[in-house]
Amino acid sequence: LYLYRRGGTLVELLRVEEGIATAAGDGNVTFAAIGSGIYALAAGQPLSLVFDAGAPVAALAIASDTAFFYATPEAVGYCDGPGSGFPFLRAKGADLRVHGENLFLHIAGHGVLRCGPVSSFAAMPQDLRTAAAQTGS
């Protein structure tokens with residue numbers, strides 16, 4: 001995984017034996033999906049597993065320096081700390097983008113869904129997170 005800096009230089013961020021399926025970052029922190037695991041990489045910090053989605057991760061979108069959205073082949077989820085991830089939408093083949101306070105989900109064959117505000121996901125009470133994780137919607 002490389003970072004392309006302004007001025008045209010490349011910086012190697014991560015080299016792993018397994019393939020990196022997707023990555024998202026903001027210049028301070030980068031989240032990388034390797035298999036079903038989502039790892040955080042930040043300057044001066046060791047690579048650390050943040051969340052295991054339980055299925056291969058196909059897409060990531062950064063929400064903040066500690067939070068991200070992820071998509072597996074069957075669901076879309078949110079995570080804002082080690083082990084705190086949960087699926088909140090059943091969706092096959094979703095691609096993700098965050099722009100400002102909006103999360104855009106492109107769901108193949110169905111169109112684009114806009115969710116927001118992105119910051120509201122961090123305020124979701126634990127009981128709702130648990131219920132969403134159990135149902136995936």
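The legends below describe close-up views of one predicted model.

Residues are numbered from 1 along each chain as its sequence is written, and side-chain values use heavy atoms, with hydrogens and water left out. In this predicted model, local features need pLDDT of at least 70 and side-chain atom pairs count only at pLDDT 80 or more, whereas totals for chains, interfaces and linings use all residues.

**View 1. The largest nonpolar core and L103.** The largest nonpolar core has 18 residues, and those with the most contacts inside it are F69, V76, Y78, F88, L96, L103 and L105. Two or more residues of this core come from each of β7 (59-64), β8 (67-71), β9 (75-79), β10 (86-90), β11 (94-99) and β12 (102-107). A nonpolar core is a set of buried Ala, Val, Leu, Ile, Met, Phe, Trp, Tyr and Cys residues joined through side-chain atoms within 4.5 Å, and buried means under 20% relative accessible area, exposed over 50% and partly exposed in between (1.4 Å probe, protein chains only). Helices (H or I, at least four residues) and strands (E, at least two) are DSSP runs, numbered from the N terminus. If its neighbours within four places in sequence are left aside, L103 is in contact with F69, F88, L96, R97, V98, L113, R114, C115 and V118, where contact means heavy atoms within 4.5 Å. Another core, of 15 residues, lies apart from the largest one, and A33, I38, A40 and L60 are among its members.

View 2. Strand β4 (residues 29-34) and strand β5 (residues 37-42) run antiparallel and are joined by six bridges; two strands pair if DSSP finds at least two bridges between them. I34 stands opposite G37 in β5, and in the hairpin of β4 and β5, with two residues between the strands, G35 takes a positive phi near 65°. Four bridges join β5 to the antiparallel strand β6 (residues 48-52), where S48 stands opposite A40. The hairpin of β5 and β6 has five residues between the strands, and there G44 takes a positive phi near 75°.

**View 3. L49 in strand β6.** L49, found in strand β6, is partly exposed, with a relative accessible area of 47%. Leaving aside neighbours within four places in sequence, L49 is in contact with G37, I38 and Y39. The C-alpha atoms of L49 and P125, which are 76 residues apart along the chain, are separated by 23 Å.

**View 4. T72 in a loop.** T72 is found in the loop between β8 and β9 and is buried, with a relative accessible area of 7%. Not counting residues up to four places away in sequence, T72 touches A53, A55, P56, A58 and A91.

**View 5. The lining of the largest pocket.** Of the 15 residues that line the largest pocket, the closest to its centre are L3, L13, G27, V29 and T30. On a 1 Å grid over the protein atoms alone, a pocket is an open set of points where a 1.4 Å probe fits, with protein on both sides within 12 Å along at least five of seven lines, and lining residues have an atom within 4 Å of a point. β3 gives the most to this lining, with three residues.

View 6. A cis peptide bond joins G116 and P117, with omega about 0°. P117 is found in the loop between β13 (111-115) and α1 (126-135). Most residues other than glycine have a negative phi, and most peptide bonds are trans.
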